[in-house]
Amino acid sequence: MSSSAYLPPKVWQWQQQNGGAFANINRPVAGATHEKALPVGNQPLQLYSLATPNGVKVTILLEELLAAGISAAEYDAWLINIREGQQFSSGFVAINPNSKIPALVDNSTVPATRVFESASILLYLAEKFGAFIPKEPAKRTEMLNWLFWQMGSAPFVGGGFGHFYAYAPEKIAYAIDRYAMEAKRQLDVLNQQLAANTYISGDDYTIADMAIWPWYGGLVLGRLYDAAEFLSVNDYPHVLRWAKLIDSRPAVKRGYAVNRNFGAEPHLPERHSAADFVALGL
């Protein structure tokens with residue numbers, strides 16, 4: 001065994017200066033760090049988010065609902081900058097005790113309804129508006145299978161592969177190899193499913209596609225961790241075909257831009273009406 005191998009202590013203690021991206025905001029306790037109310041706009045739905053893969057899921061669905069003519073899905077999108085710890089404000093913690101984006105408040109109900117966790121928000125909105133969710137029990141169940149597959153699988157891509165490949169303070173071969181293997185296995189799961197289906201759960205575009213695309217579509221399109229070449233994404237032609245199909249949708253392009261204050265253009269940090277997209281040509 002290497003003399004530099006890490007030996008865990010009997011009792012773990014938090015070392016604040018542990019390095020790596022997000023080290024300044026990560027902590028082992030929950031709750032608010034500061035008092036600050038969240039802004040509230042005039043639309044029935046108030047979204048507090050950031051354009052990470054999890055945040056993009058919800059803005060894509062909201063834009064798809066509006067594109068389908070469902071005006072009651074109009075929303076205000078407020079930027080929550082997680083690098084600055086805004087998710088630990090008292091206002092945000094009141095909506096999501098877990099301090100993770102996205103979080104939604106539906107002011108069209110009495111009392112207002114808070115919704116957190118991206119899959120819960122997708123289900124809530126799809127059921128509220130009766131769109132992008134199958135009505136037939138068997139098709140609905142198949143869609144839910146894939147929605148929850150994403151919730152269980154993506155942490156290995158983000159917190160596992162993405163963290164050690166892109167964000168960790170040092171490159172650890174064992175960790176990168178372990179999670180690269182799992183990321184490729186998951187891409188192969190999707191590739192085999194999409195070989196026989198236009199969309200993730202069949203012939204219909206659903207919230208399962210909206211949940212999976214920001215993670216795995218982003219990965220094969222080269223938008224996530226700059227890892228497309230490393231993971232040999234051309235080995236997954238059916239995932240690539242599906243990723244490009246979703247990417248071509250106008251509502252997806254709009255949803256991808258909302259709450260974005262980093263990375264790829266276009267940027268729309270906050271969105272309060274469809275007119276906000278005019279300057280971006282979307």
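D247 is buried, with a relative accessible area of 17%; buried means under 20%, exposed over 50% and partly exposed in between, using a 1.4 Å probe and protein chains only. This is a predicted model, in which local features need pLDDT of at least 70 and side-chain atom pairs count only at pLDDT 80 or more, while totals for chains, interfaces and linings use all residues. Residues are numbered from 1 along each chain as its sequence is written, and side-chain values use heavy atoms, with hydrogens and water left out.

**Exercise 1. Find the salt-bridge partner of D247 and describe the parts of the chain that the pair ties together.**

Step 1. Start with the partner: the side chains of D247 and R223 meet in a salt bridge, 2.9 Å from N to O. The term stands for a side-chain nitrogen of Lys or Arg within 4 Å of a carboxyl oxygen of Asp or Glu.

Step 2. Now place both residues. R223 lies in the loop between helix 6 (207-220) and helix 7 (237-247), and D247 is in helix 7, so the pair ties together parts that are 24 residues apart in sequence. Helices (H or I, at least four residues) and strands (E, at least two) are DSSP runs, numbered from the N terminus.

Step 3. Look for another residue by R223. A264 is found in the segment after helix 8 (250-257), and A264 is partly exposed at 35%.

**Exercise 2. Work out the strand order of the open sheet, then see which helices pack on the sheet.**

Step 1. The open sheet has four strands in the order 2-1-3-4, with mixed pairing. Two strands pair if DSSP finds at least two bridges between them.

Step 2. The edges are strand 2 (75-79) and strand 4 (113-116), each pairing on one side only. On average, neighbouring strands here are turned by 20 degrees against each other, direction ignored.

Step 3. Strand 1 (residues 45-49) pairs with strand 2 in the parallel sense over five bridges. Within this pairing, Q46 has D76 of strand 2 as its bridge partner.

Step 4. Contact means heavy atoms within 4.5 Å; axes are lines fitted to C-alpha atoms, for helices over the stretch in contact, and angles run from 0 to 180 degrees between N-to-C directions.

**Exercise 3. How many salt bridges does the structure hold, and which residues are linked in a network?**

Step 1. The structure holds nine salt bridges.

Step 2. One of them joins K128 and D106, whose closest N and O atoms are 2.9 Å apart. The pair links distant parts of the chain, K128 in helix 3 and D106 in strand 3, 22 residues apart. K128 is partly exposed at 35%, but D106 is buried at 0%.

Step 3. R185 and E182 form another, at 3.0 Å from N to O. They are three residues apart in helix 5 (residues 173-194), and therefore about one helical turn. R185 is partly exposed at 44%, while E182 is buried at 12%.

Step 4. Finally, the network: E63, E74, R254 and R271 are linked by salt bridges.
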